[in-house]
Amino acid sequence: MEFLRPASWEEALAAKAEHPSAVPIAGGTDVMVEINFDHRRPEHLLDLNRIAELQEWEVAGDTVRLGASVPYTKIMEHLRAELPGLALASHTVASPQIRNRGGVGGNLGTASPAGDAHPALLAGGGEVEAVSVRGTRLIPIDDFYKGVKRNALEPDELIRAVHLKKATGPQQFSKVGTRNAMVIAVCAFGLALHPDARTVRTGIGSAAPTPIRATTAEEFLAAALDEAGLWESRGVLPPAVARQFADLVSGAANPIDDVRGTASYRRHALGVMARRTLGWTWEQYRGTEQDELDDRSKPCA
Amino acid sequence: MRVTFTVNGAPQEADDVWEGESLLYVLRERMGLPGSKNACEQGECGSCTVRLDGVPVCSCLVAAGQVQGREVVTVEGLAGEGGELSTVQQAFVDAGAVQCGFCTPGLLVAADELLERNPEPSDGDIREALSGNLCRCTGYEKILDAVRLAAARTEEAV
Amino acid sequence: MADTTSPRASSSVTRTPTSLTQGSTTKGGIGESTLRPDGILKVTGEFAYSSDLWHEDMLWGYTLRSTVAHAEIRSIDTSEALATSGVYAVLTYDDLPTEVKNYGLEIQDTPVLAHGKVRHHGEPVALVAADHPETARRAAAKIRIEYADLPVVTDEASATAPDAILVHEGRDDHHSGHVPHPNIVHRQPIVRGDADAAAARADVVVRGEYVFGMQDQAFLGPESGLAVPGEDGGVDLYVATQWLHSDLRQIAPVLGLPEKKVRMTLSGVGGAFGGREDLSMQIHACLLALRTGKPVKIVYNRFESFFGHVHRHPAKLWYEHGATRDGKLTHVKCRIVLDGGAYASASPAVVGNAASLSIGPYVVEDVAIEALALYTNNPPCGAMRGFGAVQACFAYEAQMDKVAAELGLDPVEFRQRNAMEQGTVMPTGQPVDSPAPVAELLRRVKSRPLPPERQWEVAGGAADVRALPGGLSNTTHGEGVVRGVGYAVGIKNVGFSEGFDDYSTARVRMEVINGEAVATVHTAMAEVGQGGVTVHAQIARTELGVTQVTIHPADTQVGSAGSTSASRQTYMTGGAVRNTCEAVREKVLEIGRRKFGTYHPAWATAELLLEGGKVVTDGGEALAGIAEVLEDEAVDLELEFRHRPTQAFDLRTGQGNGHVQYSFAAHRAVVEVDTELGLVKVVELACAQDVGKALNPLSVVGQIQGGTTQGLGVAVMEEIVVDPVTAKVRNPSFTDYLIPTILDTPTIPVDVLELADEHAPYGLRGIGEAPTLSSTPAVLAAIRNATGLELNKTPIRPEHLTGS
């Protein structure tokens with residue numbers, strides 16, 4: 001095994017080009033588990049800790065460019081207003097120690113369906129900035145997940161950042177685990193209202209081979225809101241709409257039975273989470289003007 | 001490979017480090033600092049918690065090579081120079097928060113950082129800050145007592 | 001204490017256990033919450049655990065384990081592994097040095113390394129010693145093993161089918177003659193009265209079938225140790241264990257060494273809970289050290305630890321309870337089937353406990369009980385805190401609630417009407433001859449005010465998710481949340497039962513150092529975190545009137561202390577320390593009488609004590625300083641202590657005075673259940689327990705809270721999942737075997753009763769296990785109360801509560 005320690009982003013890209021099988025390691029919270037438990041012996045480890053820009057974020061216009069290694073703790077602390085769904089998801093990641101090290105780049109690189117950031121990224125919408133010595137490309141998040149632990153990156157590419165749309169409406173994230181902290185998702189759900197575009201986006205985790213959106217549910221809800229003029233009236237959401245939305249989310253999943261939970265429970269739980277998160281976001285949308293949204297988008301803690 | 005970094009204020013160096021070694025292994029087996037504990041080696045117990053450039057992390061999930069040139073504080077660095085226990089260490093002893101003690105070093109590092117950040121934590125804050133540290137002996141009640149005690153003593157001392 | 005002259009290699013080993021010397025600004029005797037003598041070492045990181053051991057030229061041992069549950073081993077090829085640079089030895093069964101190739105606590109059925117076949121997933125097959133753990137792992141990966149799969153037996157039906165493959169062929173152990181099938185390790189019926197006739201008198205009869213999942217001890221300090229070859233051909237072994245002498249008895253014959261050449265020292269133990277009762281890496285490290293002539297360290301990682309020790313027996317339990325309209329139990333019939341897995345471990349004793357404690361702390365004249373443990377190809381199961389009584393308590397307490405509901409009685413009231421008390425006769429025919437305050441314990445937990453509702457609500461109408469089911473995962477802000485309250489009480493035996501010669505040994509030395517009388521206590525007791533070392537210092541202070549006490553490291557240079565298990569160490573080794581201290585005190589007084597008897601008549605006539613460093617009369621008059629009495633003389637004694645003898649249970653009727661002492665605890669659980677998602681938050685878990693005498697109240701409460709939390713874990717999350725088709729473990733990691741975090745654990749208010757047992761030292765009662773019993777059924781009862789569901793399995797999973 002060889003440990004590559006590039007001092008700059010350019011060096012990192014060059015190293016990845018030279019050793020396409022090199023495994024990038026930033027927070028280490030996935031890679032080191034595999035090494036400690038002898039599940040993986042890469043020829044090269046590519047350390048990204050020395051590349052400062054990966055730990056930085058910029059808010060410009062209506063997007064946030066979030067460095068791949070910005071730790072979840074920082075997202076919780078500093079980006080709650082801009083990225084409320086991702087901030088909530090960040091808070092459910094493992095433990096404080098892990099949140100201090102891990103970042104979105106790791107979740108994307110590993111592309112496990114159980115990664116906590118995925119449902120929030122899918123719901124919020126955005127693009128993955130994939131870079132190689134050949135150049136930069138922005139991969140829409142919807143096209144990023146390709147299979148179980150497979151993503152759209154080319155072997156010579158590294159994730160530099162994600163470009164995320166600043167929230168224009170309430171967002172929520174909810175995850176079922178069998179413990180009240182430090183738990184891997186049995187399944188998870190992210191929801192974002194986009195009042196500016198009159199759309200709704202969702203994300204489902206741990207209930208299909210990849211993180212997915214529940215597009216039928218999104219379209220149904222957007223249409224229902226439109227038809228009833230609810231975006232403008234901020235009126236009460238009809239329970240039947242919430243129920244059908246929940247059913248459609250549930251139906252969008254394609255889960256399996258595994259040691260963490262059953263397929264049927266996952267479908268059921270996704271429906272409950274969809275209904276609840278819709279209730280929370282809609283109530284928030286009803287009760288607030290846009291500039292107030294930022295402060296109340298999360299429950300305490 | 002060779003790895004050089006600062007541990008508890010003193011420069012340390014390790015040679016012939018295998019590239020897959022964790023910071024935890026280097027501390028325990030190469031630097032004579034076995035205080036950080038090896039309970040799970042998968043980031044699910046917190047017993048190996050150290051501060052890396054001030055931030056609490058699981059040292060089992062930090063590759064040794066990633067620590068080059070950085071600062072690490074372990075449980076061995078909590079006591080004063082004369083060996084006097086820190087407030088949080090003394091509180092753990094006094095409150096009966098230590099049984100087998102294997103989780104204790106990680107809890108101390110995490111609790112110490114919590115009190116530095118939040119000198120008057122609520123019980124909810126304490127529980128959240130320590131939710132990455134498993135203890136199998138105590139049922140956590142005495143650990144909560146200890147952190148409350150350390151906070152109260154720090155408050156008194158101010 | 002004088003060092004022994006054995007050729008120990010300890011001089012070059014670092015991080016070995018040191019003596020713990022502790023003074024006290026108070027009397028520091030029994031009944032005080034003195035602090036742990038090892039506390040400061042543990043908070044500074046200096047305390048030397050078994051995984052911290054280090055020797056300058058040591059090698060790392062690694063164990064290659066079976067990847068299948070049941071298979072013939074057709075061949076093993078180690079040549080490539082041996083040729084690896086940095087590898088010093090590769091050992092298989094063929095390398096074992098003597099004819100003794102098996103070990104075991106009671107039945108020697110466990111191969112040191114697999115021979116001919118493997119019987120469970122993760123069984124040790126080969127060992128490697130190398131200069132770095134990674135070298136050892138890579139070499140192990142080059143060992144070629146050819147397996148031929150055999151069918152697996154995984155439950156009672158497959159194990160006892162007429163054509164069932166035998167897990168152990170040709171059994172000739174002492175249980176093999178009385179079991180109905182060779183795949184049954186041991187079976188214990190208990191028959192008392194006439195359950196069928198009594199059933200005819202019952203107004204209500206309630207039947208239930210219950211399933212208890214496989215729990216892991218999940219101690220945090222993984223199995224580890226260091227073996228150092230001695231110049232005399234022997235070996236020094238530093239290890240974390242629960243019973244040094246039991247290890248020694250099993251290790252020495254395999255190595256072909258006399259016991260005196262296997263010198264064992266207890267290293268720091270990171271928890272045990274029964275999981276270190278059996279051997280893990282002990283023999284392996286010694287074999288590698290003796291083969292290579294170098295010190296060998298073995299440290300399991302968490303994955304390996306799940307295969308490195310036995311687990312709590314999963315169980316299926318069938319119960320029938322009958323009661324009259326006025327709320328009196330008429331009879332109980334039950335059948336308890338424990339899955340012992342591939343090797344016997346402690347299964348026979350677990351069966352005895354499950355059977356004899358199967359009806360709980362209740363008065364029932366007419367019972368028909370059967371408990372048995374199976375041999376299967378599942379992971380071996382053995383000792384874990386609560387030891388057979390836990391599984392039974394889960395089932396009989398569920399039954400008690402069901403009967404109460406049938407009768408329309410309050411569940412606590414119903415239990416109190418049937419609660420045993422001093423004088424009650426157990427199903428085994430043994431009368432309970434010390435306090436049994438079962439009704440009172442229930443009264444105490446019930447009378448406690450309930451915690452406030454909706455504690456998650458914070459100002460502004462928001463919700464603190466940390467106080468809700470789902471916790472930080474943000475699954476509810478109060479939606480679907482229903483509160484429930486449940487009760488349970490349990491009974492556990494203390495000490496080794498069924499006629500076992502249970503004893504402990506203590507060596508105590510008293511001498512004058514720098515003008516002050518000091519005591520040194522040397523036992524082989526395994527301090528695993530429970531605080532035995534704290535209590536020993538307290539006992540020495542109480543009995544010898546000293547302030548400063550040194551606790552010598554535990555090793556095999558002193559007689560056996562028995563195991564740190566069965567809630568027995570304070571009773572047994574505490575008893576041994578007191579016993580020896582009393583004898584030391586008599587010697588000191590003899591010396592005093594010899595030196596000073598002529599100067600004061602009280603030396604001959606008064607009851608004399610040692611207090612505050614002086615010899616004093618029972619009237620409080622000081623006669624002399626202990627230092628003056630002893631001068632440069634030292635008193636040094638080593639004595640054994642035994643509890644009352646017990647009897648074996650009759651193999652047909654289960655009758656016999658099998659137990660030494662009983663321990664009782666009751667819990668009230670308050671839970672909040674997200675009924676839509678099936679997630680549970682335990683809000684409070686109150687416990688009342690009779691401890692006889694709290695030698696160290698702070699430690700007592702810590703034990704009760706810790707035991708309670710392990711019971712909570714198996715109620716709502718902890719289970720080793722074994723694939724029913726392959727018998728392979730599916731979740732050997734802390735990612736998927738979950739134990740409670742601080743956010744899963746509620747406040748645990750503890751109410752301690754002290755009703756003395758006159759048969760026990762200081763009247764104390766062993767306390768470690770009882771709270772683990774009643775915690776689980778109390779939580780289950782509370783969840784049933786919240787959801788209205790029957791819930792006959794533990795741990796509860798979300799899908800059990802949502803029906804999806």
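**Exercise 1. Determine how many residue pairs are in polar contact across the interface of chain B and chain C, and which parts of chain B make up that side.**

Step 1. Begin with the polar contacts, meaning pairs of N or O atoms within 3.5 Å, where within protein one must be able to donate a hydrogen and the other to accept it, and residues adjacent in sequence count only if both atoms are side-chain atoms. The rule finds 30 such residue pairs between chain B and chain C, both residues at pLDDT 80 or more.

Step 2. Now look at the helices (DSSP runs of H or I, at least four residues; strands are runs of E, at least two; both are numbered from the N terminus). On the side of chain B that touches chain C, at least two residues each come from α1 (23-30), α2 (87-95), α3 (104-117), α4 (123-129) and α5 (141-157) of chain B. With 5 residues, α2(B) gives the largest share of that side.

A word on the ground rules: this is a predicted model, in which local features need pLDDT of at least 70 and side-chain atom pairs count only at pLDDT 80 or more, while totals for chains, interfaces and linings use all residues. Residues are numbered from 1 along each chain as its sequence is written, chains are lettered from A and ligands numbered from 1 in the order in which they are written, and side-chain values use heavy atoms, with hydrogens and water left out.

**Exercise 2. Find the area buried between chain B and chain C, and the residues of chain B that lose the most area.**

Step 1. Contact (heavy atoms within 4.5 Å) joins 53 residues of chain B to 62 residues of chain C.

Step 2. The buried area (accessible area, 1.4 Å probe, that two parts lose on being put together, summed over both) is about 4500 Å², with 58% from carbon and sulfur atoms. In chain B, the most area is lost by Q99(B), R127(B) and R136(B), together 18% of what that side buries.
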